[in-house]
Amino acid sequence: MSPVLFETRGKVAIITLNRPERRNAINAEAGHALAEAIARLESDDALQIGILRGEGAVFCAGMDLAAFSEGKVEELLFSEGGFGGLTESHRSKPMIAACHGAALAGGFELALGCDMIVAEDGCRFGVPEVLRGLVAGAGGALRLASLIPPARAREILLTGRLFDTAEAWELGLIARRAEAGQATEAALELAEEIAKNAPLAVRETLRLSREIERRAVDPLWAENARTLKAIMESADAAEGAKAFLEKRAPKWSGR
């Protein structure tokens, strides 16, 4: 079974994370498949826009912890295009994240890496990496601080707390809200509205709309990678993962 599915509806590509038994957590195979799906969207002149969604109960729970034991974290996080070939990619076509259930850690970072988020009411979002001794290094810390007021971003990032669709809407993180079970349909409706417009005008408008974020964030990716690698090698990161697996409170050493 493929970890990522690709289908088309007219000018719209629907890319589905297809590991519902793992809450669509991204391992190396899924990361490669997602990167290939995004490249396929970009290279197909018949397609104008993409939707990223998740099969099953949630959008995406983030990076699969099995990647640590398999020694594939470096490959998964620091390959071309970033996490899933998406978080640091320079795309010319719009991407909409259709979120339901939960978009957490790397899953939320994938959603933030898209150009718009459509979310069902009751969806949960968050970057709880600090609770595990890590940093939100697939764009969570950089993008959240550039998209919403800094004090609100820091409160979310430094506590690791989760928040719901209503708060995400209030913060301006969501383009459209949908009723339960309707995220993909609402995203498809938005995508079809966009796809009716002139492709060149859409691409150039998208490019211009990204410029402020790109100028603020792109120069920081190297520092982001350095910080993430250092934190991942820390004793606290190892303790965070161990405590999570053992279902206990972590004992931090500050190293």
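Predicted model: local features only at pLDDT ≥ 70, side-chain atom pairs only at ≥ 80, totals over all residues.
Student: Which loop holds A105, and what is its phi?
Tutor: A105 lies in the loop between β5 (102-104) and α4, and although A105 is not a glycine, its phi is positive, at about 50°.

Student: Is A105 buried or exposed?
Tutor: A105 is buried, with a relative accessible area of 15%.

Student: OK, on to helices. How do α4 and α5 pack?
Tutor: Helix α4, which covers residues 106-113, packs with helix α5, residues 140-147, at an angle of about 50°, and their axes are 10 Å apart. That angle makes α4 oblique to α5, and the crossing in which α4 passes α5 is left-handed.

Student: Which residues make the contact?
Tutor: From α4 the contact is made by F108, E109, L112 and G113, and from α5 by G140, R143, L144 and L147. Sorted by class, the contact of α4 with α5 has 4 nonpolar, 2 polar and 2 charged residues.

Student: And what do α5 and α6 do, at what angle do they cross?
Tutor: The axes of α5 and helix α6, residues 150-159, come within 8 Å and cross at roughly 150°. The two helices are therefore roughly antiparallel to each other, the cut-off for that term being an angle over 145 degrees. Here α5 passes α6 in a right-handed crossing.

Student: What is that contact made of?
Tutor: On the α5 side there are G140, A141, L144 and A145, while α6 contributes A153, I156 and L157. By class, the contact of α5 with α6 has 6 nonpolar residues, 1 polar residue and no charged residues.

Student: Which residues of α5 are buried, and what do they pack against?
Tutor: In α5, G140, L142, R143 and L144 are buried. The buried residues of α5 pack against α4 and α6, and also against α9 (199-217) and α10 (221-232).

Student: Switching topic, where is E167, and which residues does it touch?
Tutor: E167 is placed in helix α7, residues 165-170. Not counting residues up to four places away in sequence, E167 touches R152 and R161.

Student: Why does E167 count as buried?
Tutor: E167 counts as buried because its relative accessibility is 18%, and the word is used for values under 20%.

Student: How about E74, in which helix does it lie?
Tutor: E74 lies in helix α3, residues 73-78, and with a relative accessible area of 45% E74 is partly exposed. If neighbours within four places in sequence are left aside, E74 is in contact with S79 and K229.

Student: How far apart are E74 and G10?
Tutor: E74 and G10 are 64 residues apart in sequence, and 37 Å apart in space from C-alpha to C-alpha.

Student: Last one, S209: where is it, and is it buried or exposed?
Tutor: S209 has its place in helix α9, and S209 is exposed, with a relative accessible area of 55%. S209 and D115 are 94 residues apart in sequence, while in space the C-alpha to C-alpha distance for S209 and D115 is 9.7 Å.

Notes: Residues numbered from 1 in each chain as written. Heavy atoms only, no water. Axes fitted to C-alpha atoms, helices over the stretch in contact; angles between N-to-C directions. Helix = DSSP H or I, 4+ residues; strand = E, 2+ residues; numbered from the N terminus. Parallel < 35°, antiparallel > 145°, perpendicular 65-115°, else oblique. Left-handed = near helix turned anticlockwise from the far one by under 90°. Contact = heavy atoms within 4.5 Å. Nonpolar A, V, L, I, M, F, W, Y, C, P; charged D, E, K, R; others polar. Buried < 20%, exposed > 50% of the residue type's maximum accessible area, 1.4 Å probe, protein only.
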